[in-house]
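Let's take a friendly walk through this structure. Please have the viewer open as you read along.

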Amino acid sequence: MSSDPKTHLADLLRSALNVVAPDASSTEILIERPKQASHGDFASNLAMQLARSLKANPREIAQKLLAALPASSLVTKTEIAGAGFINFTLSAAARTGVISDVLALGRDFGRSTGGNGNKVVLEFVSANPTGPLHVGHGRQAALGDALAALFDWQGYEVTREFYYNDAGVQIQNLALSVQARLQGLKPGDAGWPEAAYNGEYIQDIATDFLAGKSVQPADGASVTASGDIADLDAIRQFAVAYLRNEQDIDLQKFDVKFDVFYLESSLYSEGKVDDTVRRLIDSGKTFESEGALWLRTSEYGDDKDRVMRKSDGSYTYFVPDVAYHVAKWQRGFKRAINIQGSDHHSTVTRVRAGLQAVGMGIPQGYPEYVLHNMVKVMRGGEEVKISKRAGSYVTVRDLIEWVGRDAVRFFLVSRRPDSEFVFDIDLALSKSEDNPVYYVQYAHARICSVLRQWGGSLESLAEADLSLLTSPHELALCAQLRDFSVAIEDAASDYAPHGIAFYLKELAAGFHGWYNAERLLVDDVALKQSRLALAMAVRQTLANGLTLLGVSAPESM
RNA sequence: GCGCUCGUAGCUCAGUGGAUAGAGUAUUGGCCUCCGAAGCCAAGGGUCGCUGGUUCGAUUCCAGCCGGGCGCGCCA
């Protein structure tokens with residue numbers, strides 16, 4: 001018998017189904033938590049699903065299923081309701097058992113092994129080193145890191161990857177921008193390059209370059225500025241290292257760590273681009289026209305064919321993109337998940353088309369994409385567009401300085417990725433009831449405070465008599481704790497970390513409600529122990545959920 | 001124009017082929033001689049954009065329309 005009530009109920013229904021309708025024994029059995037407490041702890045719509053194939057009234061089918069249902073000590077009541085729902089009420093022991101699980105598993109409560117150690121790579125941020133990280137990158141960092149954590153907790157072997165272009169046209173523009181600053185030019189001056197970056201940070205780079213400073217980005221060797229204004233190559237190398245280092249500092253402040261920094265230039269230097277082009281040509285899916293080499297992406301769902309190699313001999317961006325994903329496949333990642341802004345959605349079809357055309361047996365849906373919408377930052381009722389540093393957009397650094405890392409991370413993962421995001425600075429700053437970060441953290445700190453005042457040993461709580469927990473608040477809290485692993489599973493499979501944020505808000509609400517309704521530190525020692533055990537389990541679950549989102553769980557605040 | 005996407009309470013947003021569509025905020029009214037009031041309880045607030053279709057059942061799936069966002073380059 002499974003210790004998890006939900007799978008246990010599914011087992012019971014399955015065996016009843018085999019008796020009542022052997023022909024339909026493959027019907028999927030769905031067990032859900034009803035929204036209303038009066039509908040029991042779990043409900044199944046199995047009878048309604050069977051209604052058509054059995055050509056019978058759902059309520060009659062439900063009757064037969066219940067008659068054939070094996071007895072179970074975990075179930076105290078079954079009921080047919082509504083159009084044919086079967087509602088189950090669990091025994092008190094089955095409900096409170098989760099507390100023992102949480103206390104025993106501790107920081108691992110919520111982890112599962114469903115991923116079987118399969119390798120998955122999540123690529124996110126992937127900002128080219130041409131400027132500071134902006135709010136959109138922040139959303140990606142928060143989303144990607146949380147998703148990576150969710151997959152880790154689901155038992156996958158996760159790689160967090162940052163891909164960037166260190167040698168293309170944009171980098172050349174960066175070098176030219178710095179050089180122009182070194183020559184004393186400013187944006188708008190005669191002679192200021194057309195495609196130049198206009199932000200103030202370009203001046204900072206120029207100043208450090210002249211001063212002969214050194215920088216050491218996380219993924220590369222230390223670079224010392226030559227100070228030679230004429231040496232564009234030296235300027236480029238220094239500027240790239242400088243900005244990579246700046247991005248590293250921001251990511252560190254954001255508490256996001258990458259396992260791999262992948263350079264686009266390596267795809268060329270290691271022959272991966274040439275290899276991919278050769279495979280595409282060999283596939284017969286290419287053709288020459290107007291001096292360029294094209295790929296028939298329209299055969300794979302694209303609305304028109306795309307140029308691979310321009311008439312000047314250089315490749316369009318999507319060729320290295322395809323080569324990069326071929327490399328991911330070859331590195332053994334059966335799953336690759338890319339978190340990108342929705343303004344890149346047109347690349348999805350193209351990259352997948354290229355991967356089909358290379359004929360290496362890569363699945364059609366490879367890689368998977370999580371596209372997110374843009375972020376609008378509001379302050380004082382107005383949209384904030386200007387950053388002193390970047391010149392035209394709000395940076396991750398700005399946000400962290402304004403409201404702190406926890407609030408930024410929690411806010412940025414608390415919406416569906418494809419929603420347009422309004423980040424209200426005033427709301428994130430408010431240290432009161434309208435700030436969901438503090439609401440969740442407060443519940444955690446409050447529990448810590450109670451446990452401190454009690455002063456007993458936390459280990460002893462595992463011995464508590466859980467049968468003393470009988471109030472609706474307490475049993476509802478237990479059900480919420482049991483939902484944690486489902487919340488993680490759903491959030492991972494739907495690419496929806498915001499589910500965890502909502503789960504945490506609800507769990508905190510459940511705790512606050514209980515706390516106000518009942519006293520934890522009562523005189524009755526056994527009752528006190530049992531309540532503290534529940535509180536401890538809530539604390540642990542809050543902490544685990546906050547960890548998934550990269551938010552701290554303070555013991556006091 | 002074409003493609004993708006979104007449209008749910010005054011505002012910011014969840015959610016679902018199923019039972020009375022939820023939360024926060026805002027508004028109104030209560031709760032600290034007691035574990036943290038950064039908290040709790042309660043009330044009011046809805047044509048789930050519109051119109052059709054599929055279904056026993058649609059806010060959810062499909063089509064069309066209206067409205068917002070994004071994309072539509074031999075840029076990335």
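What follows moves from the conventions to a residue, a helix pair and some salt bridges.

This is a predicted model, in which local features need pLDDT of at least 70 and side-chain atom pairs count only at pLDDT 80 or more, while totals for chains, interfaces and linings use all residues. Residues are numbered from 1 along each chain as its sequence is written, chains are lettered from A and ligands numbered from 1 in the order in which they are written, and side-chain values use heavy atoms, with hydrogens and water left out.

Let's begin with Gln247, which sits in helix α8 (residues 232–253). Helices here are DSSP runs of H or I with at least four residues, strands are runs of E with at least two, and both are numbered from the N terminus. Gln247 has a relative accessible area of 1%, so it is buried (buried is under 20%, exposed over 50%, partly exposed in between, with a 1.4 Å probe and protein chains only). Setting aside neighbours within four places in sequence, Gln247 is in contact with Ala127, Asn128, Pro129, Gly131, Leu133 and Phe162, where contact means heavy atoms within 4.5 Å.

Next, turn to helix α10 (residues 272–282) and helix α11 (residues 318–330), whose axes come within 9 Å and cross at roughly 95 degrees. That makes α10 roughly perpendicular to α11 (angles of 65 to 115 degrees count as such, under 35 as roughly parallel, over 145 as roughly antiparallel and the rest as oblique). The axes are lines fitted to C-alpha atoms, for helices over the stretch in contact, and angles run from 0 to 180 degrees between N-to-C directions. Among the residues that meet are Val273 and Val277 in α10, and Val322 and Val326 in α11.

Finally, how many salt bridges does a search of the whole structure find? There are 30, each a side-chain nitrogen of Lys or Arg within 4 Å of a carboxyl oxygen of Asp or Glu.

Another salt bridge joins Arg95 and Asp41 (3.4 Å, N to O). Here Arg95 is partly exposed, at 23% relative accessibility, whereas Asp41 is buried, at 12%.
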